Amino acid sequence: MPSLRRRRYSLFALILIVGIGLSSWVTRTPAIRDAVEASTAQMGLILFGLSVGSMAGVISSGWFVRRWGTRPVIAVGTVCVIAGTVLVGLGALWSAAPVVFAGLLVFGIGGGLGEIGLNISGAELERLIGRPVLPILHGCFSLGTVIGALAGIGLTAIDFSPAWHLLLAAALMTGLTVWALPGVVAGTGIEVSVRARASTPTTQPRPSVWRDRRLVLIGVVVLAMAFAEGSANDWLPLLMVDGHDVSATSGSLVFAGFAAAMTVGRFLGGPVVERFGRPIVLRLSAVCAIAGIVVVVFSPSAAVAGVAVVLWGLGASLGFPVAISAAGDDPDRASERVSAVATSGYLAFLVGPPLLGFVGEEVGLRLAMMIVVVLLVAAAFAAGAARSMRRAEPVGEAGPVQN
């Protein structure tokens with residue numbers, strides 16, 4: 001069996017791959033939009049492919065994990081992410097909007113499948129190691145977005161073909177996958193479901209996890225935080241280009257700043273969560289994101305808006321991983337709880353792109369972002385549900401659990 005360190009690094013590499021793929025195409029969104037000659041509303045529909053695929057992957061992944069474990073689910077998801085990146089590149093090359101839509105659909109399915117598997121595996125490692133893993137895990141996703149964004153900025157500046165950019169990114173992602181997959185332990189999700197069945201009388205069906213009021217409130221937090229993160233991933237370059245009249249290269253640079261802020265917040269967030277607790281961190285995160293978005297929306301200065309994106313990124317950075325960690329507190333039903341909460345997050349990815357696209361068509365993308373602010377206010381009020389339920393006890397080689 002791989003060591004705990006090997007398991008950590010493998011999970012980190014696999015989620016890094018998703019970040020590289022996502023930002024590689026996001027930074028080229030203006031070029032791809034021009035290649036397929038799509039309006040803002042049409043781009044919302046194209047982005048809907050990513051949302052539908054993500055939701056399909058998330059909804060089905062819980063069942064797949066409970067039946068076969070996280071390893072095959074993560075493997076299939078990663079292959080779909082790479083294949084989707086290739087299809088988006090080919091769609092740009094052929095100026096074919098349906099192919100771009102199909103690529104985002106496949107990418108979304110892979111991301112949704114892998115998201116649940118990686119989070120369940122990460123939550124299991126948290127229990128074994130005794131300290132937060134999920135913030136760093138998601139930090140690696142953000143690091144991948146930074147790497148992809150920086151590459152996108154440079155290649156946009158030299159007018160490099162977006163199609164060849166995405167194909168080269170897919171080749172890099174394939175190499176990382178070959179190294180990382182052997183470090184994923186088989187049977188993690190299966191073991192969780194076996195414990196759950198053993199603790200529940202077989203004559204009585206288990207109640208839905210959504211009957212837990214605490215989990216519903218955690219789902220509200222994930223919904224809002226995912227909306228805050230996803231709206232930037234989907235629209236930030238175009239928001240800066242169309243809303244603040246900056247160049248495509250500058251729009252990509254602003255997105256890179258957002259991704260960098262997300263990365264810093266997630267890599268430094270573990271000790272902050274241990275020191276102050278989840279509810280305080282989530283409330284402060286929501287306030288920070290609200291402040292950043294409001295400045296981006298109402299500032300007349302593109303430079304000030306670009307700086308405010310850092311607040312947006314820092315505020316959105318810890319919401320998803322910290323809430324997912326809270327959902328996984330119950331080890332007997334962790335896979336079901338994580339899957340359920342992540343589904344509420346992916347609901348934001350499902351409705352976000354078309355909603356913001358159609359509203360943005362009427363009032364402009366800048367004002368459309370106020371929808372995100374309203375959801376973040378709700379998240380701040382619901383954050384108390386993320387209070388830790390774990391008991392401190394010695395585990396494995398890493399000592400006691402830290403609450």
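This is a predicted model: local features need pLDDT of at least 70, side-chain atom pairs count only at pLDDT 80 or more; totals for chains, interfaces and linings use all residues.
Two packed helices are described by the angle between their axes and the distance between the axes. In the model, helix α4, spanning residues 70-94, and helix α7, spanning residues 162-180, have axes that come within 8 Å of each other and cross at roughly 165°. Since angles over 145 degrees count as roughly antiparallel, α4 and α7 are therefore roughly antiparallel to each other. The handedness of the α4 and α7 crossing is left-handed. On the α4 side, the contact is formed by T78, V81, I82, T85, V86, V88, G89 and L93; these meet A163, L166, L167, A170, M173, T174 and T177 of α7. By residue class, the contact of α4 with α7 comprises ten nonpolar and five polar residues, with no charged residue.

Helix α6 covers residues 134-157 and includes A151. With a relative accessibility of 35%, A151 is classed as partly exposed. A151 and S161 are separated by ten residues in sequence, and their C-alpha atoms lie 12 Å apart in space. The loop between α6 and α7 contains D159. This aspartate, D159, has a phi near 60°, a positive value in a residue other than glycine. Most residues other than glycine have a negative phi. The relative accessible area of D159 is 70%, and the residue is therefore exposed, the threshold being over 50%.

D245 counts as exposed, at 69% relative accessibility.

Helix α13, by contrast in setting, is largely enclosed by the rest of the structure, because nine of its nine residues are buried. The buried residues of α13 are G319, F320, P321, V322, A323, I324, S325, A326 and A327. Among them, S325 belongs to the helix defined by residues 319-327 and has a relative accessible area of 7%. As this value falls under the 20% limit, S325 is buried. The side chain of S325 is joined to that of E126 by a polar contact of 3.0 Å.

Notes: Residues are numbered from 1 along each chain as its sequence is written. Side-chain values use heavy atoms; hydrogens and water are left out. Axes are lines fitted to C-alpha atoms, for helices over the stretch in contact, and angles run from 0 to 180 degrees between N-to-C directions. Helices (H or I, at least four residues) and strands (E, at least two) are DSSP runs, numbered from the N terminus. Angles under 35 degrees count as roughly parallel, over 145 as roughly antiparallel, 65 to 115 as roughly perpendicular and the rest as oblique. A crossing is left-handed if the near helix is turned anticlockwise from the far one by less than a right angle, and right-handed if clockwise. Contact means heavy atoms within 4.5 Å. Ala, Val, Leu, Ile, Met, Phe, Trp, Tyr, Cys and Pro count as nonpolar, Asp, Glu, Lys and Arg as charged, and the others, Gly among them, as polar. Buried means under 20% relative accessible area, exposed over 50%, partly exposed in between (1.4 Å probe, protein chains only). A polar contact is a pair of N or O atoms within 3.5 Å; within protein, one must be able to donate a hydrogen and the other to accept it, and residues adjacent in sequence count only if both atoms are side-chain atoms.
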